[in-house]
Amino acid sequence: LLVITLTLALTCACNSSRAERHYKRGVRSMLKGKPAKAVEEFSKAIRYNPNYGQAFFQLASVYESEGLLEKACGIYQELMRIDPAMQTEAECRLAKVYSRLGKWQEAVACFNRVIDANPAHADAHYGLATIYRQCNENEMALRAYQKAVECNAQHFEAHYALAVMYYIDGKFSHARTHAALATERFPSAFKLLALIEEELARSTGAHAAS
């Protein structure tokens, strides 16, 4: 019995070491722009360690970046099953993939579960807002973008989206605030900010004339 126990322990340790080796090779392949090789290495890592959450996550990420969205969905779902510690992040990524597939209801359900588990998850609020905007639910989109920046004041994507929405609605003071913040990440925000300043100057001139 002792021999069997020691043998199993050595086998597990050996498999874990092999999994780690293939995982590192997969990461290097990703950095070198070799997605097919990365998939091969991450798959080997999972073969040696079926509970290797990071290997599942990176494998799904490669599929996602290569446009293999259905495969990415399957891997994220499996990751959620095997590694509860990564469930929130995996489900948020799954929701984004559903969004790319046009599966709006599935995406919204995922984002809402993420928010239920972590109400301050800015990316989930941003993801919901993007879906609402695509579905022309502008008021819901606006509230979700606002929630995203409440949760993360440096969520520049949400600031930019808010600037655009406020600009379209003619709320130029609000638009200016968010556009100014968005310039830290998006060069195009400078052009938007200039347009907003023109509208504010025109509005000020009109009031002065009256």
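1. Partly exposed means a relative accessible area between the 20% under which a residue is buried and the 50% over which a residue is exposed. The structure discussed here is a predicted model.

2. E89 has 36% relative accessibility, so E89 counts as partly exposed. The residue sits in helix α5, which spans residues 87-100. Set aside the neighbours within four places in sequence, and E89 is in contact with F57 and H121. There is also a C-alpha separation to note: 8.1 Å lies between E89 and V114. Those two residues are 25 apart along the chain.

3. R28 falls in the class of partly exposed residues too, because its relative accessibility is 44%. Helix α1, residues 2-31, holds R28. R28 is also one of the residues of a positive surface patch. Patch membership requires over 30% relative accessible area and no salt bridge.

4. Is H159 buried or exposed? H159 is buried, because its relative accessible area is 4% and the cut-off for buried is under 20%. Its place is helix α9, residues 156-168.

5. Which residues does H159 touch, not counting those up to four places away in sequence? They are V149, A153, H178, L181 and A182.

6. Start with E89 and its contacts F57 and H121. Finish with H159, buried at 4%, and its contacts, among them H178 and L181.

Key: Residues numbered from 1 in each chain as written. Predicted model: local features only at pLDDT ≥ 70, side-chain atom pairs only at ≥ 80, totals over all residues. Heavy atoms only, no water. Patch = residues over 30% accessible without salt bridge, like charges linked within 9 Å, V, L, I, M, F, W, Y side chains within 5 Å. Areas by Shrake-Rupley, 256 points an atom, 1.4 Å probe, with all protein chains shown as cover. Salt bridge = Lys/Arg side-chain N within 4 Å of Asp/Glu carboxyl O. Lys, Arg positive; Asp, Glu negative; His and termini not counted. Charge placed at Lys NZ, Arg CZ, Asp CG, Glu CD. Helix = DSSP H or I, 4+ residues; strand = E, 2+ residues; numbered from the N terminus. Buried < 20%, exposed > 50% of the residue type's maximum accessible area, 1.4 Å probe, protein only. Contact = heavy atoms within 4.5 Å.
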